[in-house]
Structures are given as C-alpha cells and as structure tokens.
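This report describes selected features of a single protein chain.

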Amino acid sequence: MKLEICATDIRSVLAAKEAGADRVELCSALEVGGLTPSEGLIRAAISTGIAVNVLIRPRPGDFVYNDDEIAVMVNDISRAFELGANGVVFGALTPEGNIDEYACWFLINAALGKDITFHRAIDRCNDIPAKVEKLVEMGFCRVLTSGGKATAIEGADVIREMVSVADGRLEIMAGSGVNSDNVRELISRTGVAEVHASAKGQFSEMVSLRNIVSSIV
C-alpha cells in the first residue's frame, strides 16, 4: 500500500513526511480543488526529500482547456521536473465529458516519460471504467478517483470496476473523504494499492490581541 497526502504548504509537506507518507501531491488553493503551486513551494517541498508530485492546473473551474492554457501547463510541467519533482498530476476533458487526447498529448510529451497521474477530472467523465483503457494506452501511471461520487467510499463499486479493467497496468488511487476510520473498508471493497488523503486541519500560531495586551500590562 502507498499513501499520498495532499499538501498545500511546507508545514503540511513536513507533517506528511514525518507521519510516513510515501508521497505528497503538492498544490495551492485547495478550497477550489487545487491549483499549480508556486516555484518557491515546489523547491521547498522537494528539498525535504519526500517524493513530490506537482499538480498542474492553471485555474479553477472545469477541465476544458484552450491552447493558451495548455501552453501554460506544458511550461509548468517542464519547470516542475527541472526543479526535481517526482511526477506531475493533470487532467483535461472535452466539453462532452471525454478525455481530451489532444491536450493530454502535449502534456504527456512535456513530462518526457516520467511519472504522470490523471487527476479527478476522471470523475467528471461519462462511463468512468471505460476511460481506464484509454489512460493505459496514453501512458499514464495512475489515476486519482472517487468513482464519480462525492467520496471514495460512495464510489467504491466503480473504483473496484476500474481496478479490474486496469488489471495492474495502471494504478487506481482512491481519494476523497479517505481517513483512518474508513481506509481499511475502502481498500477491502476496491482492491486499490494506493490511497490519497488531504488529512487536513486548522492550525495557527497567532496569539490573540487580548493575550498580547495582558502580557504587556
């Protein structure tokens, strides 16, 4: 089993490494589903020594990209690998809900045969299990999915079907709503060998103004 943690800052990367995660998916703006992180954050994350897969997503919203956006993504992929990223994570769709092979061709070529993950854009597709064969043909290493549902547990039956279609040729990584309470059930029901979790929480070192004033007085 492999555990990937979604990280949006260097503190999260370090926490994931300390907790024993195998890899982090590095992104920014998780509140909109994640966007491409800054070069500074990529550098810092890679310097920790944990495997870093960088999310390549130029904007929030859907996954239908024009030529200008694809060009931005190609450049971001090239730069991520120049900085030492383990892999990149991306996805592109047609307006009809199919995999955009045209866009993906440019993005895959920019990755130069390195680790590539098709992200949860797959969950916006029609007939998700049927798309697995196409991802295999295109050379993806894995796909992150919740089985087209809000959480991976809800989409467990579809994820299991995806695992069957992949037949070891593509890693099916289950994500969305994965936590310590349901991960064993998820693995048992789907047969996945990789899981993805955000393991998110809130933390602040700020001291309230009242406490500051009290300490001075």
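In what follows, an axis is a line fitted to C-alpha atoms, taken for a helix over the stretch in contact, and the angle between two axes runs from 0 to 180 degrees between N-to-C directions. The model is predicted.

## Packing of α3 and α4

Two packed helices are described by the angle between their axes and the distance between the axes. Helix α3 covers residues 67–82 and helix α4 covers residues 101–111; their axes come within 8 Å and cross at roughly 20°. Angles under 35 degrees count as roughly parallel, and α3 and α4 are therefore roughly parallel to each other. The crossing of α3 past α4 is right-handed.

On the α3 side, the contact is formed by Asp67, Ile70, Met73, Val74, Ile77, Ser78 and Phe81, which meet Tyr102, Ala103, Phe106, Leu107, Ala110 and Ala111 of α4. By residue class, this contact of α3 with α4 comprises 11 nonpolar residues, one polar and one charged.

## Packing of α5 and α6

Helix α5 (residues 128–138) and helix α6 (residues 156–166) have axes that come within 9 Å and cross at roughly 30°. That angle makes α5 roughly parallel to α6. Here, too, the handedness can be stated: α5 passes α6 in a right-handed crossing.

From α5, the residues Ile128, Pro129, Val132 and Glu133 meet Val158, Glu161, Met162, Val165 and Ala166 of α6. The contact of α5 with α6 contains seven nonpolar residues, no polar residues and two charged ones.

Asn182 belongs to the loop between β7 (171–175) and α7. Is this residue buried or exposed? Asn182 is buried, its relative accessible area being 13%. Its side chain takes part in two contacts with the backbone: a polar side-chain atom of Asn182 lies 2.9 Å from the backbone oxygen of Gly177, and the side chain of Asn182 also reaches the backbone nitrogen of Asn179 at 2.9 Å. Beyond its neighbours within four places in sequence, Asn182 is in contact with Ile153 and Gly177.

Thr190 lies in helix α7, which spans residues 183–190. With a relative accessibility of 1%, Thr190 counts as buried. The Thr190 side chain reaches the backbone nitrogen of Val192 at 3.3 Å. When neighbours within four places in sequence are set aside, Thr190 is in contact with Ala156, Ile159, Arg160 and Val163. Glu185 is also placed in α7, but this residue is partly exposed, at 39% relative accessible area. Between Glu185 and Ile108, the separation is 77 residues in sequence and 34 Å in space, C-alpha to C-alpha.

## Residues with positive phi

Most residues other than glycine have a negative phi. Which values do Ala29 and Leu112 adopt? For Ala29, phi is near 50°, a positive value in a residue other than glycine. Ala29 is located in the loop between β2 (23–26) and α2 (39–47), and at 22% relative accessibility it counts as partly exposed.

Leu112 likewise is not a glycine, and its phi is positive at about 55°. The position of Leu112 is in the loop between α4 and β5 (115–118). Leu112 is exposed, with 68% relative accessible area.

Terms used: Residues numbered from 1 in each chain as written. Predicted model: local features only at pLDDT ≥ 70, side-chain atom pairs only at ≥ 80, totals over all residues. Heavy atoms only, no water. Helix = DSSP H or I, 4+ residues; strand = E, 2+ residues; numbered from the N terminus. Parallel < 35°, antiparallel > 145°, perpendicular 65-115°, else oblique. Left-handed = near helix turned anticlockwise from the far one by under 90°. Contact = heavy atoms within 4.5 Å. Nonpolar A, V, L, I, M, F, W, Y, C, P; charged D, E, K, R; others polar. Buried < 20%, exposed > 50% of the residue type's maximum accessible area, 1.4 Å probe, protein only. Polar contact = N/O pair within 3.5 Å; in protein donor to acceptor, adjacent residues only side chain to side chain.
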